[in-house]
Amino acid sequence: MDTITWDDFTRVDLRVGTIVSAKAFPEARTPAYILTIDFGEEIGTLRSSAQITDLYALDDLPGMQIVAVVNFPPKQIGPMMSECLVTGFHRANGDVVLTTPDAPVPNGTRLA
């Protein structure tokens with residue numbers, strides 16, 4: 001495993017946001033949803049494509065707080081522009097479990 005410096009780590013801007021909407025993304029090559037996430041006043045609302053269809057239903061996502069990288073450059077994914085990277089962990093079968101805080105925190109809070 002490669003080591004990184006403290007400066008490398010601090011350059012990754014991981015923030016908490018609340019999913020405000022989720023919709024199907026039928027144009028994606030791998031089944032995915034388009035998430036709209038509120039990161040508070042400083043960052044605003046960003047969109048992301050997330051391959052989380054195996055464990056999460058569309059109706060269960062709004063209101064959920066997640067952790068995302070908000071300082072990657074935007075990336076074109078099919079017809080949509082992804083503006084942040086939602087984080088999660090792969091299970092042995094490939095399903096993605098979202099990274100979430102275990103208690104509510106204000107939108108935009110940076111990982112400490």
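These exercises walk through a predicted model, each with a worked solution.

**Exercise 1. The salt-bridge network**

Find how many salt bridges the structure holds, and trace which residues are linked in a network.

*Solution.* 
Step 1. Start with the count: the structure holds 3 salt bridges.
Step 2. Take Asp-13 and Arg-15. They form a salt bridge, with the closest N and O atoms 2.6 Å apart.
Step 3. Move to Arg-110. Its side chain meets that of Asp-13 in a salt bridge, at 3.4 Å from N to O. Arg-110 lies in the segment after S9 and Asp-13 in the loop between H1 and strand S1 (14-24), so this pair ties together parts 97 residues apart in sequence.
Step 4. Glu-42 sits in helix H2 (residues 40-43) and Arg-15 in strand S1, so far-off parts of the chain are linked, 27 residues apart.
Step 5. Asp-13, Arg-15, Glu-42 and Arg-110 form a network of salt bridges.

**Exercise 2. Buried or exposed?**

*Solution.* 
Step 1. Recall the cut-offs: buried is under 20% relative accessible area, exposed is over 50%, and partly exposed is in between.
Step 2. Asp-13 has 11%, so Asp-13 is buried.
Step 3. Arg-15 has 9%, so Arg-15 is buried too.
Step 4. Arg-110 has 37%, so Arg-110 is partly exposed.
Step 5. Glu-42 has 66%, so Glu-42 is exposed.

**Exercise 3. The largest pocket**

Describe the volume and the lining of the largest pocket.

*Solution.* 
Step 1. Give the volume: about 550 Å³.
Step 2. Go to the centre. Of the 27 lining residues, the closest to the centre are Ser-49, Ala-50, Gln-51, Ile-77 and Leu-85.
Step 3. Sort the lining by class: 14 nonpolar, 9 polar and 4 charged residues.
Step 4. Look at the strands. At least two lining residues come from each of S3 (45-50), S5 (75-77), S7 (85-86), S8 (88-90) and S9 (96-98). S3 gives the largest share, 3 residues.

Definitions and conventions:
Residues numbered from 1 in each chain as written. Predicted model: local features only at pLDDT ≥ 70, side-chain atom pairs only at ≥ 80, totals over all residues. Heavy atoms only, no water. 1 Å grid on protein atoms, 1.4 Å probe; cavity = no way out; pocket = protein on both sides within 12 Å on 5 of 7 lines; lining within 4 Å. Points joined across faces, edges and corners; volume = space filled by probe spheres on them. Helix = DSSP H or I, 4+ residues; strand = E, 2+ residues; numbered from the N terminus. Nonpolar A, V, L, I, M, F, W, Y, C, P; charged D, E, K, R; others polar. Salt bridge = Lys/Arg side-chain N within 4 Å of Asp/Glu carboxyl O. Buried < 20%, exposed > 50% of the residue type's maximum accessible area, 1.4 Å probe, protein only.
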